[in-house]
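Dear colleague,

Please find below the sequence and structure that I am handing over to you. My findings follow directly after them.

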Amino acid sequence: MICAFCSAVCIGTASVLQAVATRAARPGTGSGVDVRLLLRSLRQWRYAVGLALYGLSFTLQVVALLTIPLYAVEAAQSASLAVTAVAAARVLRVRLSRTEWGAVAAVCAGLAVLGFSSGAEGGSEGPPALRYVLLGVAGAVLLAGAPAGRLPGRSRALVLGLGAGTGFGVVSVSVRLLDGLTPSALVADPAVYALLLAGGAAFLLLASAFQRGSVTTATAGMVVGETVGPAVVGVVWLGDRTRDGLAAAAVAGFVVAVAGALALARFGEASVGAVAQETAPAPSAKD
């Protein structure tokens, strides 16, 4: 659980940095799958640092996925929003309201209950078709991103954020399904291709969601997408269970943690936008 929480710390910090960086980059095509926007964002040092933090987060997440159930790891990932709130309050000097501090406390309390009630990870590998289903979901996320980027206003941010979260969720489940880390095993495993495709699609969609849409709405969609699906897969197909007699406590902790994270999803909209305007490049006829 410690690794899962540290992973959330990395993600929460990276989200603030990347939201600022993508808004500072020049606008893209408007598509939800805009490679040029991602490349322009990479020129921003904040985005590069954010990517490095995502890499560290992924390493910590893999360790967590090998030791505790999927639902516990994904609930911890939702705590990244609490980290974002606290980090933004410190770095951007934005004052949190009592409601927002209450949401932070709710996330922490929910995770504490969830961590206490979670058992060992399930030993099931799931049905053989699950790997191919994940690959199909990853492809669907990528294909749906292009038209989603042309939706109006709030719907655009919500759908792109949900798509990005779904992609990150596929990555989490794929890690659990890996047969081995030898080159021959990796090349022959569909879960590897699902992981790579879903991860790439998620970053593309999230960059577009942050760049033109509402950071608040996009973050809420991402939390739902990356938390609920993997938790269901872990319990239904991979054998994840709680400690004896603590199933109700685990469900309550999960609900409280995710609800608190979603309440915090509205935090940081103004502060991120303000910093982005300060760091935005001067208009240019190029690019």
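The largest nonpolar core has 40 residues, and Leu111, Leu114, Leu177 and Phe254 touch the most other members. A nonpolar core is a set of buried Ala, Val, Leu, Ile, Met, Phe, Trp, Tyr and Cys residues joined through side-chain atoms within 4.5 Å; buried means under 20% relative accessible area, exposed over 50%, and partly exposed in between, with a 1.4 Å probe and protein chains only. Helix H4 (residues 70–78) gives this core its largest share, 6 residues. Another core, of 24 residues, lies apart from it and includes Leu38 and Ala218.

This is a predicted model, in which local features need pLDDT of at least 70 and side-chain atom pairs count only at pLDDT 80 or more, while totals for chains, interfaces and linings use all residues. Residues are numbered from 1 along each chain as its sequence is written, and side-chain values use heavy atoms, without hydrogens and water.

Beyond its neighbours within four places in sequence, Leu177 is in contact (heavy atoms within 4.5 Å) with residues including Glu125, Leu130 and Leu238.

As to the whole protein, 13 helices and 0 strands make up its secondary structure; helices (H or I, at least four residues) and strands (E, at least two) are DSSP runs, numbered from the N terminus. Of its 287 residues, 52% count as buried.

Val235 is located in helix H11. This residue counts as partly exposed because its relative accessibility is 36%.

Yours sincerely
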